[in-house]
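Keep the structure open while you read.

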Amino acid sequence: MTSSDSRKVVCVLYPDPVAGFPPNYARESIPALASYPDGQTLPTPGSIDFSPGQLLGSVSGGLGLEKFLAERGHRFVVTSDKDGPDSVFERELPDADIVISQPFWPGYLTAERIDQAPNLKLAITAGIGSDHVDLQAAIARNITVCEVTWCNSISVAEHAVMQMLALVRDYIPQYGWVVRGGWNIADAVSRSYDIEGMNVGVVAAGRIGLAVLKRMKPFDVNLHYTDRRRLSPGVEGELGLTFHETVESLVGVCDVVSIHCPLHPETENMFDDALIGRMKRGAYIVNTARGKICDRDAVARALDSGQLAGYAGDVWFPQPPPNDHPWRTMPNHAMTPHTSGSSLSAQARYASGIREILECWLDGRPIRDEYLIVQGGALAGTGAQSYTEGDATGGSEEAARFTAS
Ligand code: NDP
């Protein structure tokens with residue numbers, strides 16, 4: 001390899017656990033999956049340098065890429081310091097060829113940052129959802145953007161189902177009574193219901209939304225969905241789905257709404273005061289798609305007034321959210337940090353997918369269509385199906401206000 005073949009790869013990952021990198025794990029292994037639900041194959045890297053089930057998504061895990069990149073003579077910079085002009089990320093950008101970041105702890109690639117990185121040719125998302133990249137600017141600069149389609153879709157579907165049940169049954173306060181040493185059943189059940197018989201709907205029935213519908217079917221609920229494209233009559237019949245042409249129609253009848261569309265200009269702030277106002281009083285929202293799909297203050301207001309009985313999810317804007325972000329303290333929420341798509345099981349899949357993408361890119365082979373979001377100055381592959389052109393990174397500089405406690 002000549003020095004001109006050497007690439008600089010800048011990778012933004014979340015910080016290691018406060019208690020240190022885990023010396024061992026709760027389980028010995030994770031199940032090996034045969035394929036994804038639609039038959040797409042799991043990632044096919046030439047090899048991997050990690051054991052599936054290890055923590056790979058934090059700085060010391062480095063997505064298992066360090067040895068591979070070093071052996072090929074590439075420079076690999078991994079940091080969690082990503083926000084503000086003095087961040088390591090901004091300092092390392094000017095000569096970066098490839099940026100890897102993840103939705104959980106996004107290294108926002110705004111137009112300004114893209115301008116600072118004249119060599120940047122490839123932006124890889126370690127996960128799914130590339131809205132932390134200004135796609136319009138990536139299109140204009142002919143930067144390839146890709147993500148690891150399917151890698152954590154089922155992980156997110158499981159989290160969404162868990163949070164629907166947590167909200168409706170009011171699990172989190174009940175757990176709190178146990179931890180505090182109480183046995184206050186009346187307090188613990190005063191907001192607790194069965195989900196059986198409720199109307200449960202998803203906004204978008206793509207990979208994740210459909211997986212949520214399938215998982216909710218055995219709960220004997222009435223299932224609803226809206227999407228830009230209708231599912232086949234076979235799927236609708238099998239799951240007993242009611243299709244709604246508009247999100248307004250869906251929210252008008254549902255007790256629980258779970259959001260699974262991508263964030264793009266069409267979906268930004270979709271759940272504002274007006275749409276939440278059309279929901280049944282006491283409805284629940286679970287949002288594991290993207291924080292910006294819901295108007296931050298409208299959600300907090302609706303929980304305060306009782307229009308919403310609960311709100312859960314794992315996606316915020318920006319990430320990490322400042323300590324005074326109202327979703328941290330609003331009533332009746334069951335939020336997690338952005339964890340649903342970063343289980344140890346999911347990490348093994350997205351780390352393998354990134355390795356596959358890098359092997360293709362560095363060897364001059366095409367990246368699978370299903371991983372492509374932007375290529376050749378236009379939306380491509382999965383991006384052409386699910387995204388619209390534009391920029392959803394506005395306001396991301398607010399992430400610099402976060403301070404870890
Ligand atoms: P898919 O592309 O499989 O599905 C998205 C669906 O949304 C498509 O059916 C698409 O329709 C539909 N859609 C797009 N715009 C609209 C709209 N305006 N109204 C209604 N439906 C719309 O994506 P996934 O299911 O894999 O993922 C969905 C999103 O979940 C990701 O974009 C990401 O933001 C989020 N996610 C979150 C994770 C987490 O850790 N919390 C991890 C992974 C993903 P069409 O077919 O016409 O394009």
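## Salt bridges across the chain

Lysine 8 and aspartate 95 join their side chains in a salt bridge, 2.6 Å from N to O. That term stands for a side-chain nitrogen of Lys or Arg within 4 Å of a carboxyl oxygen of Asp or Glu. The two partners are 87 residues apart: lysine 8 belongs to strand β1 (residues 8-12), and aspartate 95 to the loop between α2 (88-92) and β3 (98-101). Helices (H or I, at least four residues) and strands (E, at least two) are DSSP runs, numbered from the N terminus. Lysine 8 is buried at a relative accessible area of 3%, while aspartate 95 is partly exposed at 30%. Here buried means under 20% relative accessible area, exposed over 50%, and partly exposed in between (1.4 Å probe, protein chains only).

A word on ground rules: this is a predicted model, where local features need pLDDT of at least 70 and side-chain atom pairs count only at pLDDT 80 or more, while totals for chains, interfaces and linings use all residues. Residues are numbered from 1 along each chain as its sequence is written, and side-chain values use heavy atoms, with hydrogens and water left out.

The salt-bridge count comes to 23. One of them pairs lysine 292 with glutamate 268, with the closest N and O atoms 3.5 Å apart. Lysine 292 sits in the loop between β10 (283-287) and α12 (296-305), and glutamate 268 in the loop between β9 (256-259) and α11 (273-277), so this bridge ties together parts that are 24 residues apart in sequence. Lysine 292 is buried at 10% relative accessibility; glutamate 268 is partly exposed at 28%.

Aspartate 324 and arginine 401 make another salt bridge, with their closest N and O atoms 2.6 Å apart. Aspartate 324 is in the loop between β11 (308-313) and β12 (333-335), and arginine 401 is in the segment after α14 (381-386), so parts 77 residues apart in sequence get tied together. Aspartate 324 counts as exposed at 52%, and arginine 401 as partly exposed at 40%. There's also a salt-bridge network linking Asp49, Lys67, Glu71, Arg355 and Glu359.

## A look at α12

Which residues of α12 are buried? They are Ala298, Val299, Ala300, Ala302 and Leu303. The buried residues of this helix pack against α11 and β11, with contact taken as heavy atoms within 4.5 Å.

At the start of α12, a side-chain oxygen of aspartate 295 comes within 3.0 Å of the backbone nitrogen of aspartate 297. After the helix comes glycine 306, with a positive phi near 90°.

## Aromatic rings

The structure holds 9 aromatic pairs. Rings of Phe, Tyr and Trp (its six-membered ring) pair if their centres lie within 6.5 Å; planes under 30 degrees apart count as stacked, over 60 as edge-to-face and the rest as tilted. Phenylalanine 104 and tyrosine 350 are stacked, because their ring centres are 5.8 Å apart and their planes lie at 25°. Phenylalanine 104 is in the loop between β3 and α3 (111-115) and tyrosine 350 in helix α13 (residues 344-363), 246 residues apart. Phenylalanine 104 is buried at 8% relative accessibility, and tyrosine 350 is buried at 0%. Tyr14, Phe104 and Tyr350 form one aromatic cluster.

Definitions and conventions
Polar contact = N/O pair within 3.5 Å; in protein donor to acceptor, adjacent residues only side chain to side chain.
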